[in-house]
Amino acid sequence: MNSKTDEVPGQTRVTIHGVAAAAGVSKSTVSRILDERLPRSDSETARRVRKVAEELGYVRDVSAASLRRGNTMTIGVIVPRLTDTVMAMLYEALAKACSRSGRFAIVATTDDKPKADRLAAESLLKRGVDGLILSTAREDDDFPDELAKRGIPYVLALRTDGHSLSSVGDDRLGGYLAARHLLDLGHRKIGVIAGPSYASSSRGRVEGFRHALQEAGLNADPSYIIPSTFGIESGAVAVETLMHLSPRPTAIFAVNDNTAIGALSGLTKLDLSVPQDISIVGYNDIPIVSHLPTPLTTLRVPFEQIASNALDLLAGDNSPADERIRISAPTLIPRKSTAPVR
């Protein structure tokens with residue numbers, strides 16, 4: 001081994017010492033200039049160092065730098081499933097945000113089962129992750145509190161328990177905007193495919209919906225609010241229940257796009273047209289919904305902002321009480337699945 005390269009069979013790896021020697025500067029100067037996390041310098045020295053590093057083929061050794069700092073620059077992400085487009089979009093946004101700061105995200109799926117959450121967390125922690133981001137928080141589970149007692153850094157994303165560090169969408173606002181949109185179109189009998197009650201996102205969206213109806217002088221009929229999972233099949237089952245009510249709804253708010261897609265399928269089987277017979281609003285704005293035969297009106301969730309906030313919270317210390325839960329506003333995206341009531 002010499003000062004410029006580390007020799008391995010069949011390969012010569014350029015080190016920071018080699019770049020420093022070739023550029024005629026100190027090792028610490030090279031380290032500072034090539035650290036992507038620091039503001040980029042455009043001084044003559046910085047340009048020379050970057051040019052030398054490129055010519056020599058230098059690649060920064062992230063693992064060695066992490067060991068010196070006492071961490072791995074790796075974040076563990078726990079989601080219910082990656083077949084759920086919402087969770088895949090969250091993970092991709094987190095992976096991109098990690099990449100921008102020199103970190104790496106690894107993911108584990110748990111099928112939204114509390115026991116699996118714990119097993120996934122232990123597996124990720126054994127691999128040395130610096131912290132966890134969980135999108136699996138449930139009202140009926142105290143797993144986040146268990147992590148806090150163990151001193152494990154974690155942040156909740158998309159769902160919250162109300163007190164842990166969390167980065168979420170403004171679900172109450174989203175539910176309010178969905179209901180307000182349908183009310184403005186003249187609908188008064190509005191069904192809700194409500195999602196699972198254990199998820200704060202579902203509860204918040206239904207609460208916002210109820211608030212909009214109350215503002216309009218209406219009461220939400222409990223029989224028009226149908227519990228569901230976040231899956232497509234559950235949406236199809238829920239819409240069949242709604243369509244057998246008398247009088248049946250003239251519009252539906254589904255608290256996520258998957259259940260809205262299931263509802264669209266169920267309505268087709270019942271020979272009902274959207275929006276001629278019934279209007280429907282989804283939530284999240286996953287990519288496929290703008291390409292459906294009837295493009296779906298939905299609420300767009302700012303996943304990149306939620307991911308960025310989650311990483312900021314994970315890296316920060318002792319956030320003030322009013323900043324422990326960061327909330328990002330959704331945007332109503334009107335499309336062809338909603339129309340004035342007949």
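Tyrosine 283 is buried, with a relative accessible area of 1% (buried meaning under 20% relative accessible area, exposed over 50% and partly exposed in between, with a 1.4 Å probe and protein chains only). The model is predicted, so local features need pLDDT of at least 70 and side-chain atom pairs count only at pLDDT 80 or more, while totals for chains, interfaces and linings use all residues. Residues are numbered from 1 along each chain as its sequence is written, and side-chain values use heavy atoms, with hydrogens and water left out.

Rings of Phe, Tyr and Trp (its six-membered ring) pair if their centres lie within 6.5 Å, planes under 30 degrees apart being stacked, over 60 edge-to-face and the rest tilted. The count by this rule is two aromatic pairs. Phenylalanine 209 and phenylalanine 253 are stacked, at 6.1 Å centre to centre and 20° between the planes. Phenylalanine 209 belongs to helix H9 (residues 200–215) and phenylalanine 253 to strand E10 (residues 251–254), so this pair ties together parts 44 residues apart in sequence; helices (H or I, at least four residues) and strands (E, at least two) are DSSP runs numbered from the N terminus. Phenylalanine 253 also counts as buried, at 0% relative accessibility. With tyrosine 283, phenylalanine 253 forms a tilted pair, 6.4 Å centre to centre and 50° between the planes.

Over the ring of tyrosine 283 sits the charged end of arginine 205, 3.8 Å from the ring centre (the rule asks for NZ of Lys or CZ of Arg within 6 Å of the centre and within 35 degrees of the ring normal).
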